[in-house]
Amino acid sequence: MAEDLVLERCDLELEANGRDHHTADLCQERLVVRRGQAFWLTLHFEGRGYEAGVDSLTFSAVTGPDPSEEAGTKARFQLSDALEEGAWMACVADQRDSTLSLHLSTPANAPVGLYRLSLEASTGYQGSSFVLGHFTLLFNAWCPADAVYLDSEEERREYVLTQQGLIYQGSAKFIKSVPWNFGQFEDGILDICLMLLDINPKFLKNAGRDCSRRKNPVYVGRVVSRMVNCNDDQGVLLGRWDNNYGDGVSPMFWIGSVDILRRWKSHGCQHVKYGQCWVFAAVACTVLRCLGIPTRVVTNYNSAHDQNSNLLIEYFRNEFGELESDKSEMIWNFHCWVESWMTRPDLEAGYEGWQALDPTPQEKSEGTYCCGPVPVRAIKEGDLNTKYDAPFVFAEVNADVVDWIRQEDGSLHKSVNHSLVVGLKISTKSVGRDEREDITHTYKYPEGSPEEREAFTKANHLNKLAEKEAAKETEVAMRIRVGQSMNMGSDFDVFAHITNNTPENRECRLLLCARTVSYNGVLGPECGSKNLPDLTLEPFSEKSVPLPILYEKYRDFLTESNLIKVQGLLIEPAANSYLLAQRDLYLENPEIKIRILGEPKQNRKLVAEVSLRNPLTVPLLDCTFTVEGAGLTKQQKSVEVPDPVEPGEVVKVRVDLLPIDVGLHKLVVNFQCDKLKAVKGYRNVIIGGP
C-alpha cells in the first residue's frame, strides 16, 4: 500500500495571482483574488508526489463564523480533470516530481470576504487534513458573469483600480475640482473594509445570513452606505455642519480616505470627527472600490433636501427678502454621493448600470441612515416606486422651489425666482483624464422635452407640471452678474442686472444683500448691502446696479466653503410684484505649486517642493502643509511653517517621498492656516523605468 501523501507547504503564488487578478498591490503578503476567475496555487509534498489513481484530494473553502453549504459560505470540491466556470473547482495545471500546480476557480456569485482554504488528502482508507492558507475574494468587474461586470477596460481601471481622483465643489457657476486620495490598495485598507462589514448591525444580528448575502453588490452597497456614517452604529464618520470643529478635524481639511479609515480602526471603531457630504462619499468610494465594485463620486449642484417627499422646497421671507426661520429643508449649494455599477435582478429590466448610493446621513431608509442603491435610470424616468429611496434622490435633482414673501399685513405673496434651478451640472471625473464629465443627462431629460413631461407625470410632480404650463417670458427680469474673477482676499463688485421688456416705466424698489453661506445653504452674517427705494426702469431698457463686496467685510465670517450668496429682491408696489434673484459666489484660493526635484525614476527617492503665495493684506499664522499620495507616502506627512507668512510672500517646504514604482501617481497637498482655510492642490507624478 502506498505511503500517505504528506504536504510540506503550499505556495499561494502571490505574484502571478496578483498580476492576473489586478490585485498586485494587495498581494504583498496575502492572497487576494477576484471571483469567477481561476487562480493558481502550488502544493509541495514530502517524499513522494501526488498519484492520480492512488490519491484523493478534497478541498474546502469557508467564509464567516458560521459557514454552511446551504448559505453558500462553505464549499467542498474534489480535484477534477478540467475546470468548469461558475463553480468551486480545482484541476491540475502542471505536475513535476513531488510538486503539483493547481488551478482553482470560484463562482462569479460567491460571497466576498476572507476565506480559509484547506485540503483533505486520502490514500486508501487513510487521510490527512492540511490548512493551505487564507485568501480574500473580491467582486470582479472583469468577469462577464459577475453582477458588477463592466465591459470597458478603461472604465474598469478608472472605477476599480485608480487610487486618486477629483471631487467637484464650488457652485454651479464656478465649479471647483478638489483632489482626493482614495488609496483603496494602501496598507491595511482592505482589512479595514472587511472589518466595516463585520461590525455592521446585520452581521452582529445574524452573521451567517449577512455573510451569505455578501454575494450581492446591492446588499453590500447598502451596508457600506449605512456604515460610512455613524448615526445608527459604529460607523466611520460623524457629520457636522456648524463650523465648530475644534475637537476634531474640519471636513475641509481631509485630502484622502486612508487617514480617516486608519483613525477609525486605531480608535477601536469609534467614529472620526468630522465629515460632510464629499467626505462621506469619498470614503464610501474607497471601500466599494476596494471590495471590487466599480464606483465614482458625483456632485449635484443646487441639490434639494426634501424631508416630506412633496418635491417642494418652500422658503418664507419677510418683506426685505430675509428668511424668517432656519429650516431643515434646504437647497444645498452642492451635494455629493456615489454611483456604483451593478446589475439589478431584483428590479425590472433596464435598471442595471449606475446606481446612486448616498452615505451622508440625511433621512432614514427602512429605519436607518442610508440611501440607495437606486438606479439612476429610474430617477430619469420618474419611477419613484423603485427601491431604494427613489423619491429622495429624485427630489435632490428635480424639486421645485417656492419663495413666499410675507407682506406688512401678514399676507403671503409668491415671488418669482428664475435663478434657482434644482439639479444642475451633475459632475464626475472623466475616465482616464483630470477633467469634469457632465452626467446631468443620465438623471434628467432635456428641459421642456416630452420625455421630461412624461417623467414628471409618472412621478406625480404636480408643481413642476403646473410651472411648465404657466411659463412665459417675464415682463421684468433680473439676474446677478459678476464682473471679474473673485479671488480670496480681494475686493470686487457684483451687479444686479435688470431688464424691462415693456413699453412703460416701472417704478421699483431694489434690495441687494450679500451674506456668507455654507455649502449646505446655511446663511452667515451680512457682508454687503444696498437699498434703492426709488428705482425707475425705462421702457425696453437694461440697468446694472453694482454692489461692492469688500474683504474687510467678509474675511471674519467666510466659512470653509469660500462661498458668498448674493440676493436681489425687486419689488414693484403698483403691480404687487416680487422678483427674486440669487447667485452663489465662490472665492478662489491661491494656487499651491508643486515641483518634483530631480527626474522621477523607478525606485528612486523623490523630493517634492511645495509653495504658496500669501494673497491677503494680512500675515498668515499657524501655517501647515499636509501631503499624501497612494504609493508616494506611507502615511500623511505634515510640515509646519514656523514663521508668519507676510502679504505677498511665498512660503516653500520640501517633503521626502517614497521610492516608487513605474506608473501614474498623484501627490495631494492641503494648506491650512488662520486666514486661509483648506487650500488644496495636486500634481500627477509619472514614474519612468530605471
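Modeller: In this predicted model, the strands β23, β24 and β27 form an open sheet in the order β23-β24-β27, and their pairing is antiparallel. The edges of the sheet are β23, covering residues 476-482, and β27, covering residues 541-549; each of these two strands pairs on one side only. From one strand to the next, the twist averages 20 degrees. Between β24 and β27, the antiparallel pairing extends over nine bridges. Within this sheet, D493 stands opposite P548, a residue of β27.

The aromatic rings may be considered next. A pair of such rings is described by two quantities, namely the distance of the centres and the angle of the planes. For the model, the count comes to 20 aromatic pairs. One of them joins F492 and Y554, with 6.5 Å from centre to centre and 45 degrees between the planes. This pair is classed as tilted, because planes under 30 degrees apart would count as stacked and those over 60 as edge-to-face. The two partners belong to distant parts of the chain: F492 lies in strand β24 (residues 492-500) and Y554 in helix α14 (residues 551-554), 62 residues apart.

Are these two partners buried or exposed? Buried means under 20% relative accessible area. F492 has a relative accessible area of 3% and is therefore buried. Y554 has a relative accessibility of 0%, so Y554 likewise counts as buried.

Y554 also forms an aromatic pair with Y551, and here the arrangement is edge-to-face: the centres are 5.4 Å apart and the planes stand at 75 degrees. Both Y551 and Y554 lie in helix α14, three residues apart, which is about one turn of the helix. At a relative accessible area of 5%, Y551 is buried as well. Y554 thus has a ring partner in strand β24, namely F492, and another in helix α14, namely Y551.

For context, other aromatic rings of the model may be mentioned briefly. Ring pairs link W241, W278, F280, Y301, W332, F334 and Y519 into a cluster. Rings also meet charged groups: the charged end of R222 sits over the ring of Y388, at 4.1 Å from its centre. In the case of K380, the charged end sits over the ring of Y445, and the distance to the ring centre is 4.6 Å.

Terms used: Residues numbered from 1 in each chain as written. Predicted model: local features only at pLDDT ≥ 70, side-chain atom pairs only at ≥ 80, totals over all residues. Heavy atoms only, no water. Phe/Tyr/Trp six-rings, centres within 6.5 Å; stacked < 30°, edge-to-face > 60°. Helix = DSSP H or I, 4+ residues; strand = E, 2+ residues; numbered from the N terminus. Buried < 20%, exposed > 50% of the residue type's maximum accessible area, 1.4 Å probe, protein only. Lys NZ or Arg CZ within 6 Å of the ring centre and 35° of its normal. Pairing = 2+ DSSP bridges. Axes fitted to C-alpha atoms, helices over the stretch in contact; angles between N-to-C directions.
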